[in-house]
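Here's a friendly walk through one protein model. Have a look at it first, then read on.

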Amino acid sequence: MAISSTQAIPPTQAIPEHVAIIMDGNGRWATQRHLPRTAGHAKGVQAVRRVVEACGRRGVRYLTLFAFSSENWRRPAEEVSLLMRLFVQALEREVDKLNEQGVRLHVVGDMSRFEPRLQTLIAEAQARTAQNDRLHLSVAANYGGRWDILQATRAMLAQNPGLARDPQRIDEQHLAAHLSMAWAPEPDLFIRTGGEQRISNFLIWQLAYTELYFTDQYWPDFGAAELDAAFEWYRNRERRFGRTSAQLRDGAAR
C-alpha cells in the first residue's frame with residue numbers, strides 16, 4: 001500500500017510521480033464557438049490523448065483523470081448519453097495504442113450504473129493492459145470522493161468485523177487499504193482546467209497534501225505546453241508536509 005502523506009513524508013522529485021486532473025471546460029469551450037456542448041466533450045478526447053502521451057514522455061508514472069463524477073448524472077440526459085458513447089468509443093479505439101505505449105488502464109468508480117456492454121469493455125481493456133507498467137492511467141468514472149470513503153469503510157468492516165466492536169483500533173491503514181486507488185501513491189500534483197477552483201468531490205482522501213494547480217485554459221485546448229507550465233509551477237512549490245521552511249533548508253544543507 002502507498003505511503004500516507006499524513007503518516008510519513010513521501011519522496012518528492014522535479015517531475016510529479018502522480019498527476020490527477022479534473023478535465024473541466026469542455027462545454028464552455030463549445031459554447032464560445034457556438035457549438036453544442038457535446039462537441040466540446042468530443043474535442044476533449046483529443047486532449048486526453050495528448051496529455052497521456054506527454055506524461056509518458058516526461059516520466060510520470062501515474063495519471064488519474066476525472067472523466068465522470070457521481071454528480072454528473074444530474075446533467076441533461078442527452079449530454080450524459082453522449083459521454084457514455086464517447087467512453088465506449090474511446091475504449092474501442094484507444095486500448096491498442098495504450099497497450100503499445102506501455103500504459104496500464106484502470107477504471108475506478110461505481111461500475112454498477114453502467115450498461116453491461118460498457119462494463120464488459122472496461123473489464124477487457126483492464127485485462128488487456130494489465131501487464132504494462134510504464135504509465136498507470138486511471139479513469140475515474142461514476143466516481144466520488146465521499147463514495148470512495150464510504151465503500152472503503154464498508155469493505156474494511158466486512159473484512160474486519162471486530163473493528164466495529166472496538167473502533168479505537170481503526171487507523172489510517174485499515175481504511176486506506178480499501179480505497180479504490182490503494183495501490184497508487186497519493187497525487188503530487190492536482191490540475192483543474194476551466195477556471196474553477198475547487199476539487200469537486202475528487203480524491204478527497206488522497207489530496208490531503210497534493211499541490212493544487214488551477215488554470216483558466218479549457219480542457220480541449222490543454223496539451224504538452226500547458227502540462228509543462230503546470231510542472232514548472234510544481235517545481236517551485238515548497239513541499240513541507242507539516243515541516244517548516246527552515247527544516248527543509250537545513251535538510252538540503254546536510
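## Ground rules

This is a predicted model, where local features need pLDDT of at least 70, side-chain atom pairs count only at pLDDT 80 or more, and totals for chains, interfaces and linings use all residues. Residues are numbered from 1 along each chain as its sequence is written, and side-chain values use heavy atoms, with hydrogens and water left out.

Helices (H or I, at least four residues) and strands (E, at least two) are DSSP runs, numbered from the N terminus.

Two strands pair if DSSP finds at least two bridges between them. Angles here run from 0 to 180 degrees between N-to-C directions, with axes fitted to C-alpha atoms (for helices, over the stretch in contact).

Now for some of the pairings. Strand 1 (residues 18-22) runs parallel to strand 2, joined by 5 bridges, and valine 19 stands opposite leucine 63 of strand 2. Strand 2 also pairs with strand 4 in the parallel sense, over 7 bridges; there, leucine 65 has valine 139 in strand 4 as its bridge partner. Strand 5 (residues 189-192) and strand 6 share 4 bridges, again in the parallel sense, with phenylalanine 190 opposite leucine 212 in strand 6.

How enclosed is strand 2 by the rest of the structure? Largely, because 7 of its 8 residues are buried, where buried means under 20% relative accessible area, exposed over 50%, and partly exposed in between (1.4 Å probe, protein chains only).

## Two helices side by side

Two packed helices are described by the angle between their axes and the distance between the axes. For helix 2 (residues 37-58) and helix 3 (residues 77-100), the axes come within 10 Å and cross at roughly 25°. The two helices are therefore roughly parallel to each other; angles under 35 degrees count as roughly parallel, over 145 as roughly antiparallel, 65 to 115 as roughly perpendicular and the rest as oblique.

Which residues of helix 2 and helix 3 meet? Among them are Arg37, His41, Ala42 and Val45 in helix 2, and Glu79, Leu82, Leu83 and Leu86 in helix 3. Contact means heavy atoms within 4.5 Å. The residues of this contact divide into 7 nonpolar, 2 polar and 6 charged; Ala, Val, Leu, Ile, Met, Phe, Trp, Tyr, Cys and Pro count as nonpolar, Asp, Glu, Lys and Arg as charged, and the others, Gly among them, as polar.

## Two residues up close

Isoleucine 21 is found in strand 1. This isoleucine is buried, with a relative accessible area of 0%. Not counting residues up to four places away in sequence, isoleucine 21 touches Val51, Leu63, Thr64, Leu65, Phe66, Ile191, Phe202 and Trp219.

Leucine 83 belongs to helix 3 and counts as buried at 13% relative accessibility. Leaving aside neighbours within four places in sequence, leucine 83 is in contact with His41 and Phe68. Leucine 83 and alanine 42 are 41 residues apart along the chain, and their C-alpha atoms are separated by 8.5 Å.
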